[in-house]
Amino acid sequence: MIRRFLLGGTILLLLLVSLAAPVGAQSSGTPIVILDHEYYINEFGAGLLNDTFVFQNNGTSTIQVPSVQLGIPDTVYSHAVAYAVLPASAYSLSSPADNGTVTTFTITPDSPSLAAGAHTTVQVETYLNNILNITAGSTKPFGPLLLLSPSVNMEVNSLNLVIVLPNGATLSPAPQSFIAAPTSSPPTYSITKVNVIPTISTLYSKLNATNQAYFLPVKVTSIVSTIIPNSSGYPQIQELVTFRNLASYTISNLPISLLSGSITSVTIVPRS
């Protein structure tokens with residue numbers, strides 16, 4: 001169920017996962033490794049890093065999936081508000097380790113054995129706040145620091161790098177050598193590299209997002225939840241969410257999506 005409402009409600013980050021097909025040849029005893037690194041800037045001005053590893057065994061005997069160290073520069077990670085590994089039932093994620101310039105996660109499979117012909121996938125998602133460095137009401141293009149590539153402690157057979165923007169937005173300058181698709185929905189900049197050890201690559205760029213129908217930068221300043229008992233056995237949950245409009249124009253409505261399919265209805269009551 002989707003409602004549109006005046007400034008009040010909950011924001012949903014739309015998470016898109018790309019699973020690349022297994023490619024290339026593998027060395028004896030090691031899997032083919034594919035990394036999809038996706039950096040999303042959504043219509044609310046928030047950011048998401050999605051790093052998806054695929055380990056493929058094209059051999060004829062069982063091999064071991066290695067632990068992986070994923071590095072994010074502190075200039076980007078300082079905006080992080082949460083992170084997660086998926087599936088949590090098959091992989092563990094270490095606490096972040098910071099050496100002063102780079103924050104590193106170690107991703108470890110709970111069961112490292114990978115049978116012949118099998119593959120396994122793990123994702124690390126990092127949620128970012130205020131990545132656009134927005135000054136409320138400014139009419140200047142926003143200046144995000146883009147993480148074009150993280151660092152990884154091993155060679156990957158295919159490295160797919162993608163920047164995803166809100167509809168109607170472009171980057172200036174565009175990432176060098178990336179393929180621009182500004183008219184796609186959503187707009188993307190992408191590049192694929194083969195047989196490389198990923199190293200950190202960043203770019204300061206300007207986000208030109210002037211379409212007021214698609215770019216709705218807001219900041220959630222507070223959330224207060226209240227659970228009210230009900231004689232029918234189903235409690236009522238009231239949430240007071242306060243937003244700040246960061247755009248230079250009036251935002252009259254925001255899209256809302258329920259995160260749980262078990263919730264059948266919701267009432268939005270905007271406050272003046």
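Visitor: Which residue in S9 is the bridge partner of Leu-93?
Guide: Ile-107 is. Keep in mind that this is a predicted model.
Visitor: Which strand does S9 join there, and over how many bridges?
Guide: Strand S7, residues 91–93, through three bridges. The two run antiparallel.
Visitor: What stands opposite Val-68 in S9?
Guide: Ile-107 again. Val-68 belongs to strand S5, residues 68–73. S5 pairs with S9, residues 102–109, in the antiparallel sense. That pairing has six bridges.
Visitor: And S8, how many bridges does it have with S9?
Guide: Two, also antiparallel. S8 covers residues 97–98. Asp-98 has Thr-103 in S9 as its bridge partner.
Visitor: How many residues lie between S8 and S9?
Guide: Three, and the two strands form a hairpin. Gly-100 sits in the turn, with a positive phi of about 105°.
Visitor: New topic. What order do the strands take in the seven-stranded open sheet?
Guide: S6-S11-S3-S2-S14-S17-S16, with mixed pairing.
Visitor: Which strands are at the edges?
Guide: S6 (80–86) and S16 (179–181). Each pairs on one side only.
Visitor: How much are neighbouring strands turned against each other?
Guide: By 15° on average, direction ignored.
Visitor: How do S2 and S3 pair?
Guide: Antiparallel, over 10 bridges. S2 spans residues 32–41 and S3 spans 47–56.
Visitor: What stands opposite His-37 there?
Guide: Asp-51, in S3.
Visitor: Where do side chains point in a regular strand?
Guide: They alternate between the two faces of the sheet.

Notes:
Residues numbered from 1 in each chain as written. Predicted model: local features only at pLDDT ≥ 70, side-chain atom pairs only at ≥ 80, totals over all residues. Heavy atoms only, no water. Pairing = 2+ DSSP bridges. Helix = DSSP H or I, 4+ residues; strand = E, 2+ residues; numbered from the N terminus. Axes fitted to C-alpha atoms, helices over the stretch in contact; angles between N-to-C directions.
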